[in-house]
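Okay, thanks everyone for coming. I'd like to walk you through one structure today, so let me put it on the screen and then we'll go around it piece by piece.

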Amino acid sequence: MPDKPKVAFYWCASCGGCEEAVVDLAEDILKVVEAVDIVLWPVAMDFKKSDIEARPDKSIAASFINGAVRTSEQEEWARLLRRKSQVVVSFGACANSGGIPALANQFHKEDILKFVYEDCPGVDNKAKTRPQTECKDEGRTLSLPELRETVRSLDQVIEVDYYLPGCPPTPKVIMAAVQALLSGKLPPRGTVLSPDIALCEECKRKDSKPADLSLAEFKRPHQVLIDPEKCLLAQGLVCMGPATRSGCEALCPAGNMPCTGCFGPTSRVKDQGAKFVSSVFSNIAPKEEKEIDAVLDGIPDPIGSFYRYGLSKCLLRRKLN
Amino acid sequence: MEKMVQKVFDEGQRKANQSYMRGRTVTIDPITRLEGHGKIEIFMNDQGGVDRAYLQIPELRGFEVFCQGRPAEDMPQLTSRICGVCPTAHHMAGAKALDALYQVEPSSTGRKIRELVYNAFMFEDHALHVYILGGPDFIVGPDAPKELRNVVGVIGKVGLDVGKKVISTRRRVREIINYAGGKVIHPVLGLPGGVAKGIASSELPKLREIAKDSLEFAKFTLKVFHDIVLKNDAYVKLITSDAFTHKTYYMGMVDKNNKVNFYDGEIRVVTPEGKEYDRFQAKDYLDHISEHVEPWSYIKFPFLKKTGWKGFVEGGESGVYAVAPMARLNAADGMATPEAQKAYEEYFKTLGGKPVHHTLANHWARVVEMLQAAERMVELTNDPELTGRDIRTLPTKTPSVGVGVVEAPRGTLIHHYETDGKGLIRKANLIVATLNNSARIAMSVDKAARGLIKGGVVNDGLLNMVEMAFRAYDPCFGCATHTLPGELPLVVTLRDLKGSVIREIRR
């Protein structure tokens with residue numbers, strides 16, 4: 001019997017939701033386990049880095065890597081898996097474009113350390129102790145890794161063959177990707193493995209989206225009772241659907257809340273936020289600057305709204321000063 | 001003469017052990033900079049015993065800071081990304097903080113939908129730990145070969161049919177969260193004053209059936225625990241052994257009758273003797289909890305403010321306290337539902353009365369809580385208000401400060417937001433479940449290492465038992481430092497007194 005293809009799952013800076021998404025394959029996970037040999041999956045199985053190091057190069061059929069990249073350790077793991085794998089799949093929003101952890105690129109490391117260990121209410125730390133990369137406790141030397149300034153996407157560190165979008169990717173797109181890999185029917189390198197059309201196309205509210213939106217004001221979700229049938233943009237809510245790739249079957253709108261853009265843009269769009277601004281803001285009803293500003297007051301956090309999952313990969317990238 | 005022989009023998013043994021340990025400079029990987037992963041440093045003494053073991057958490061992401069300037073109503077969704085294993089806990093603590101921030105009482109239906117989602121979440125998250133994360137240590141065995149100490153080994157022991165039942169039960173319970181919350185991983189239902197989406201009455205028969213099956217499954221799990229753990233004297237001995245015991249304060253949320261409540265109530269603290277020490281509302285948490293900082297870990301160490309930080313020590317003089325299932329059962333006078341209450345009584349009867357100090361008893365307490373979560377799901381799916389149309393009360397007041405609390409699977413979870421008049425975050429503080437336990441977990445790892453590693457003998461089975469000292473808490477260091485990965489591939493480094501690496505073991 002020929003060997004089953006070998007598959008690895010690994011995580012970098014992420015929340016573990018991508019791991020849970022794999023567990024959420026539920027009954028299908030048994031089919032996956034039958035078809036492949038899992039050689040690395042820290043959440044559910046014991047493993048050693050040396051096991052992977054000992055494998056011949058390119059001997060792993062596919063590695064699924066989730067999470068953004070922050071430290072040298074994660075860089076090493078990413079490079080190791082790249083060397084050992086025929087295919088690397090960037091798994092989920094954090095690996096693809098930084099995800100929510102990349103919102104930290106709007107702040108400096110020092111802001112974070114100072115708040116957490118000194119200014120945060122409840123901290124009892126008159127000596128202003130901070131975690132040290134090296135310190136002594138009763139003569140014993142202990143060390144910690146240093147935090148990096150910037151959160152990066154996986155493809156800013158290694159070459160990536162395919163992308164699975166989402167925060168997290170849904171079981172359906174994961175299973176489709178696994179099947180494509182197993183059957184060898186692979187799309188061109190660099191493809192995002194989810195339909196290349198806007199989310200609105202698969203949203204149940206699509207029919208109520210007016211051909212010519214006219215936005216007199218933006219509302220925040222807590223300020224209004226949301227109509228469960230009607231297009232969310234037409235209700236004045238910032239719904240990222242028009243600037244976001246489909247594939248999740250519009251889960252958040254099905255939960256009666258706007259899309260926040262976690263599947264990233266389609267292949268024709270370089271910058272998701274810019275796409276949203278260009279496609280939706282042209283529909284702002286008032287034409288006078290002051291009145292336009294008043295409409296935009298309804299979006300108090302444009303970066304968090306338009307680049308919630310993509311700050312590592314967009315044109316803005318990070319705060320410098 | 002015999003004494004002399006013994007002395008020479010002991011001396012020879014000591015030297016052999018020393019040279020064995022020194023000789024074993026096997027470093028599986030010389031670099032231990034494992035970001036987001038737990039790391040244990042064990043310092044050996046000259047006798048081949050343990051001088052001190054440190055559990056270090058090597059990262060933080062700083063959610064409190066990068067949420068500044070963002071709209072408060074986004075917080076339940078942003079903070080759920082602290083942890084993809086318990087996103088619903090952060091989401092719900094966030095939603096409750098928004099209620100307080102906007103001074104709005106959720107509508108009755110809105111509250112019941114939240115409670116249904118929350119109990120469904122407690123149930124499936126506990127089931128995950130029982131069968132996949134912590135359970136293998138007991139169901140398969142603490143020193144079973146490591147390739148079997150996982151869910152595959154569990155299925156081997158309990159049978160494929162049971163394995164499939166675990167998978168399908170979790171999937172169906174998670175469908176409830178999916179339906180009401182849009183997404184099960186990072187749900188979107190929570191808004192100030194209630195929820196975004198109502199429950200259609202056409203869904204009720206399905207929800208009731210899932211709830212009923214969950215209760216059967218919880219009873220079945222209690223039976224599995226009985227048959228495999230409690231009937232095994234060696235396991236019971238291990239659970240009650242000194243290496244896994246600490247006498248500390250315990251914290252948990254209770255209702256007005258002092259019964260365990262996961263969603264709402266007051267925070268109650270009991271002394272190591274089990275007497276009520278403190279009872280307070282979440283909004284006053286800063287009067288009761290402070291956080292200590294050590295230079296060797298990114299995690300902070302909360303303690304009871306009135307008693308104070310006295311170091312990593314147990315007893316009534318030290319402000320160290322515990323949260324999570326065992327602590328919740330200790331801090332309450334009982335469970336809120338009948339089947340859970342029965343299991344609660346048996347638990348304390350078997351373990352020698354209240355409070356229980358044996359860390360490994362968390363596994364049992366977790367099953368008792370699964371029963372309560374399932375019973376609440378049955379109650380709520382039979383409540384006519386669940387399908388009401390009044391799902392949300394719109395806020396009308398100006399926001400300023402809001403504190404929300406829930407009992408997460410891993411313990412008391414507090415979200416505290418301060419905003420400007422437009423509801424944009426000025427300051428956020430999160431006291432996360434595992435964080436409350438951080439001092440006790442560090443003590444447990446140290447004590448287990450000291451108790452188990454003797455005469456220079458270190459093997460995989462012993463190290464797994466050191467791991468069990470923290471695994472019992474079902475710790476989520478991802479949550480605790482607001483970083484991830486939440487589950488931890490452990491690195492254990494053994495060092496001699498000079499600090500040189502003797503051996504390093506990774507999982």
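Let's start where the two chains meet: 73 residues of chain A are in contact with 79 residues of chain B. Keep in mind that this is a predicted model. Which parts of chain A do the touching? The elements giving two or more residues to that side are helix 1 (17-23), helix 3 (49-54), helix 4 (72-84), helix 6 (109-119), strand 5 (134-137), strand 6 (140-143) and helix 8 (251-254) of chain A. If you sort the side of chain A that touches chain B by class, you get 39 nonpolar, 18 polar and 16 charged residues.

Now chain A by itself. We have eleven helices and seven strands in chain A, and the C-alpha trace spans about 65 × 65 × 30 Å along its principal axes. Of the 321 residues in chain A, 45% are buried. If you look at contacts in chain A with a separation of 6 or more, 75% of them come from residues 24 or more positions apart.

Next, the nonpolar core. The largest one has 242 residues, and those touching the most other members are Ile65(A), Val117(B), Ile176(B), Val368(B), Val406(B) and Val445(B). Helix 5 (residues 108-133) of chain B gives the most to this core, with twelve residues. If you want to zoom in on Ile65(A), leave out residues up to four places away in sequence, and you'll find that Ile65(A) touches Tyr10(A), Cys12(A), Ala78(A), Leu81(A), Val88(A), Ser90(A), Phe91(A), Ala95(A) and Leu154(A).

Then the sheets. Chain B has an open sheet of four strands in the order 8-7-6-11, with mixed pairing. Strand 8 (276-280) and strand 11 (321-322) of chain B are the edge strands, each pairing on one side only. Inside that sheet, strand 6 (residues 249-254) and strand 7 (residues 266-270) of chain B pair in the antiparallel sense over five bridges. One residue pair to click on: Val254(B) has Glu266(B), in strand 7 of chain B, as its bridge partner.

There's also a hairpin, with two residues joining strand 12 of chain B to strand 13 of chain B. These two, with strand 13 covering residues 411-419, pair in the antiparallel sense over eight bridges. Glu407(B) stands opposite Thr412(B) in strand 13 of chain B. Why do I call strand 12 (residues 401-408) of chain B largely enclosed by the rest of the structure? Because seven of its eight residues are buried.

Most residues other than glycine have a negative phi, and most peptide bonds are trans. With that in mind, here are the exceptions I'd flag.

The bond from Cys167(A) to Pro168(A) is cis, with omega near -5°, and Pro168(A) sits in the loop between strand 7 (162-164) and helix 7 (171-183) of chain A. In the other chain, a cis peptide bond joins Lys354(B) and Pro355(B), with omega about -15°. Pro355(B) is in the loop between helix 12 (338-350) and helix 13 (362-381) of chain B.

Then there are positive phi values. Gln103(B) has phi near 50° and lies in the loop between helix 4 (87-101) and helix 5 of chain B. Ala324(B) has phi near 90°, in the loop between strand 11 and helix 11 (325-331) of chain B.

So are these two buried or exposed? Gln103(B) has 16 C-beta neighbours inside 10 Å, so it counts as partly exposed. Ala324(B) is buried, because 31 other C-beta atoms lie within 10 Å, and the cut-off for buried is 20 or more.

That's my tour, so over to you.

Methods: Residues are numbered from 1 along each chain as its sequence is written. Chains are lettered from A and ligands numbered from 1 in the order in which they are written. This is a predicted model: local features need pLDDT of at least 70, side-chain atom pairs count only at pLDDT 80 or more; totals for chains, interfaces and linings use all residues. Two residues are in contact if their C-beta atoms, placed from the backbone, lie within 7 Å. Ala, Val, Leu, Ile, Met, Phe, Trp, Tyr, Cys and Pro count as nonpolar, Asp, Glu, Lys and Arg as charged, and the others, Gly among them, as polar. A residue is buried if 20 or more other C-beta atoms lie within 10 Å of its own, exposed if 12 or fewer, and partly exposed in between; C-beta atoms are placed from the backbone. Two strands pair if DSSP finds at least two bridges between them. A nonpolar core is a set of buried Ala, Val, Leu, Ile, Met, Phe, Trp, Tyr and Cys residues joined through C-beta atoms within 7 Å.
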